[in-house]
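Keep the viewer open and follow along.

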Amino acid sequence: MKITVKQIFPGILIIISLFFIYEGIVNIGFWDGDNGPKGGFYPTIIAVVLLIGSIVSLMQSLKEDKAEFFRDDFKVIFAGAAIIAGAMLIGLLPSIAIYLIIWMKVIEKMSWKSTLIFAGATTIIVYLVFGVWLAIQFPMGLLENFL
Amino acid sequence: MENIQWLLQGFQVALTFENIGAATLGAILGILVGAMPGIGSLAGVALLLPLTYKFDPTTAIIMLGALYYANMFGGAYSAILINIPGDGPAVMTTLDGYPMAQKGRPGAALLVANTASFIGGLIGMIILTFTGPALARLGLNFGPVEMASLMILAMTSIGWLMGDSVMKGLVSTALGIIIACIGMDSVTGIPRYSFGNIYLLGGIPFTPLVIGMVGFSKVIGMMKDRNAVTELDMKLSFKESLLSPSDFGRLLPPAIRSGILGTFIGVLPGAGATTGAFAGYAVQKKFKSKEPLGTGAIEGLASCEAGNNAAAAGAFAPLLALGIPGSGTGAVLLGGLMMWGLTPGPLLFTEQPEFTWGLIASLFLANGLTLLVAICIIPFLVKILVIPTRLMIPIITTVCIVGSYSATNSLYGVIIMFVAGCIGYIMNVCNYPSAPLILAIVLSKIFETNLRRAFIISGGSPLIFFTEPISLFFMVVLILLIVLTARKKVLDKSKI
C-alpha cells in the first residue's frame, strides 16, 4: 500500500498531539491539588482529542481516494518561499517586483510590455496603499547596510 | 425605547466624515472581492483585514462591518451572471438568478438580489437592535460553567457538524485550539510550547495566520484553473436594470418573510447565511410565485438573497452579546474586533456601548451604502467578473505577503502566513475544513479561561456542567445535535 499525504497529515498530527500531551503533563503541569488546573491542563485535554481524531482520520483515510495534487500548485509555494528569501536579501518591495516580472514572463508567458506594465502598476499600488497610506516601513534586507 | 436612543447615539458615532468614508471604502472593496468568483467572503474579509490598521479602533470596526456585509452582497453577482456562486450562501441564488439573467434580464436580476439583500439585512438589523441587548442581559447570568458549555456547543455545532466529515471537523477544531495554546498561558502568563523563541512567546499572530489559511492556500489551489476563461457575452446598463413596480411588488413579500426567518436562523450557532438562504427559498416554495421557482422567478431570487443577508445580520446578535460567531467569516470578524480591543460578550453592551452601538449603526449605514455602491457598480460588473485567474494569482499572492507583513511589521508574519497557507492547502486537498480551525483559534482563549475557572469551582469534577441548569440545557442541546447528526449521516449512508 502506498502512503499518501492523506495518511501523512494525520500521522504528523498524531506526533504533534503526543508532544503536546507530554509537554503538558511533564513540563508545564496538568493539575495542582490546591489551585486546580495548571497551564498544561487545557492543551493536554485538547491534544488527547486531537490524537483520537487523528487516529480515526488516519484509519478512515485508508478507504479514501488518493489526494490530488497539481504540479503547478507548487509553483505558487516556491514563489512564496522565494519572495521571503528575497525580502531578506534585497527587501520586500524589490523582491515582489521581481517576482511579478518573472511570474508574468516565465509562467504566464506575457509580452515584455504587458509584463512590465502589470508588475510596475501592481508594485506602485502596493507601495501607495501600504507604504504611503498605511505608513508601513518595508524591510530593505541586506541592502539597508549599503544605502 | 432605550435601544433606539442608544442606536441614535450609535449613528452620531458612525456618521462622521471619516467613518462614512471608511464604510464606503469597505463597501466598495467588499463588493469587488465578493464578486470575484472563487475567493469567497472568508478569504475576502481576511485579505482586506490589514487595510483597517490605518484607522482608529471605532473607524476600523465600522470598516470591518462594512467589508463583511458588502461581501455578502457581492457573492450573488457571479452566481447570477456566470452561474458560479461567489460563496456558500450564493448557491441558492444560482437557482433563479442565472435563469433570470439568461432570459435577458441580467441587470434586473442583480437589482432584485441587491434590493432583497437590503430589505433582508434591514430587517435583520432592526431585530438585532432589540434582541442583541436582551441576549446580552441573558448572558450576564452566565458564569464560567455556562460560558464554557456554550463555547463547547458553539465549536461543536459550527466546527464538526456542519462539514462532510465529523471527524475531520473535530481534528480541525482541535488543531486550531492547539495552535492558539502556543505562547503564554492566558490565565497565569507562564510561557508554554514556545521553545524559548521570542516570536512564539507572543503567540501565533491572528491576521497572518488567517490570511495564509484561507487566502494563500486558496491561491495555491487556483493554479489548476488559471487558464479558465470566463465568457460573458452581455451588456449591463443601469437603465435596463431598473425594476418595474410589478417586479418590486413580487420581490417585497418574499424578502420580508425571508428577512424575518433568516434573522432568527442567523442567531442560532452554526446555522449561518447559507442555511438562511436555503430556508428562505424552501419557505417560498410553499407560497405562490408568478413563475415556477427555478425558472428565473423574482420571488425565488428575492427569498434566498433576503434570507442570507438577514442571517448575516442576525449572526451579529450572538457574536456581540455572547462572543459566539456563526461562521468562519464571523470568526475572522470577531478576531478583527478583538484585535482592536473589543471583547465581545455579555458585558460589551454595558461596558463599551459607544463601540457596540456605533458598530450596529454602521451596519445600517453599510447596508444602505452597499446598495448604492452595488447599483453604481452594475455597468462595470462584466469587466470585474472576467478578470482572468492568471492575473488574480500574482495579485492575491502579493496582497497575502504585504498584508501579513503589515499586520506584524516583521517578516515573521510573512513566514507564519506562508506556513499556514501550505498547511491550509494540504487541509483543502485532504478535505479538512479550515473554518473550524479559525473559529477555534478565536474562541480558544475565552474557552480556556472559563473552562479552568469552572474546574476550580467544581474542584475538578466535570459533573458541574450537568448540574447547573443553563449549562445542563446547553449540554442537552449538544448531545441532541450530535445524536441527530450521527443519525442523519447513518441514514444518508444507507440511502447510498
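Which residues of α5(B) are buried? They are Met92(B), Thr93(B), Thr94(B), Asp96(B), Gly97(B), Pro99(B), Met100(B) and Ala101(B). Buried means under 20% relative accessible area, exposed over 50%, and partly exposed in between, with a 1.4 Å probe and protein chains only.

This is a predicted model: local features need pLDDT of at least 70, side-chain atom pairs count only at pLDDT 80 or more, and totals for chains, interfaces and linings use all residues. Residues are numbered from 1 along each chain as its sequence is written, chains are lettered from A and ligands numbered from 1 in the order in which they are written, and side-chain values use heavy atoms, leaving out hydrogens and water.

Helix α5 of chain B covers residues 91-102. Helices here are DSSP runs (H or I, at least four residues), as are strands (E, at least two), numbered from the N terminus. The 12 residues of α5(B) reach 17 Å from first C-alpha to last, close to the 16 Å expected. That expected span is 1.5 Å times one less than the number of residues. The buried residues of α5(B) pack against α4 (57-82), α6 (106-139), α13 (273-284) and α14 (298-314) of chain B. Contact means heavy atoms within 4.5 Å. After α5(B) comes Gly104(B), with a positive phi near 95 degrees.

Now turn to the rings. There are 22 aromatic pairs over all chains. Rings of Phe, Tyr and Trp (its six-membered ring) pair if their centres lie within 6.5 Å; planes under 30 degrees apart count as stacked, over 60 as edge-to-face and the rest as tilted. Tyr68(B) and Phe316(B) make an edge-to-face pair, 5.4 Å centre to centre with 80 degrees between the planes. Tyr68(B) sits in α4 and Phe316(B) in α15 (residues 316-322) of chain B, 248 residues apart. Both residues are buried. The rings of Phe216(B) and Phe418(B) have centres 5.9 Å apart and planes at 45 degrees, so this pair is tilted. Phe216(B) belongs to α10 and Phe418(B) to α21 (residues 411-429) of chain B, so the pair ties together parts 202 residues apart in sequence. Phe216(B) is buried at 0% relative accessible area. Phe418(B) also counts as buried, at 15%. One aromatic cluster draws on two chains: Phe30(A), Trp31(A), Phe41(A), Phe455(B) and Phe465(B).

Tyr68(B) and Phe316(B) return in the lining of the largest cavity, along with Ala312(B), Ala315(B), Leu319(B), Gly326(B), Gly330(B) and Leu333(B). On a 1 Å grid over the protein atoms alone, a cavity is a set of points where a 1.4 Å probe fits but cannot get out; a pocket is an open set with protein on both sides within 12 Å along at least five of seven lines, and lining residues have an atom within 4 Å of a point. This cavity holds about 30 Å³. Its lining has 6 nonpolar, 2 polar and no charged residues.

The second largest pocket holds about 890 Å³. Of its 40 lining residues, the closest to the centre are Met338(B), Thr343(B), Val442(B), Lys445(B) and Ile446(B). Helix α22(B) gives the largest share of the lining, 7 residues.

End at Met339(B), in helix α16 of chain B. Met339(B) is partly exposed, at 34% relative accessible area. Met339(B) touches Leu49(B), Tyr53(B) and Thr207(B), not counting residues up to four places away in sequence.

Terms used
Grid points are joined across faces, edges and corners, and a volume is the space filled by probe spheres set on the points. Ala, Val, Leu, Ile, Met, Phe, Trp, Tyr, Cys and Pro count as nonpolar, Asp, Glu, Lys and Arg as charged, and the others, Gly among them, as polar.
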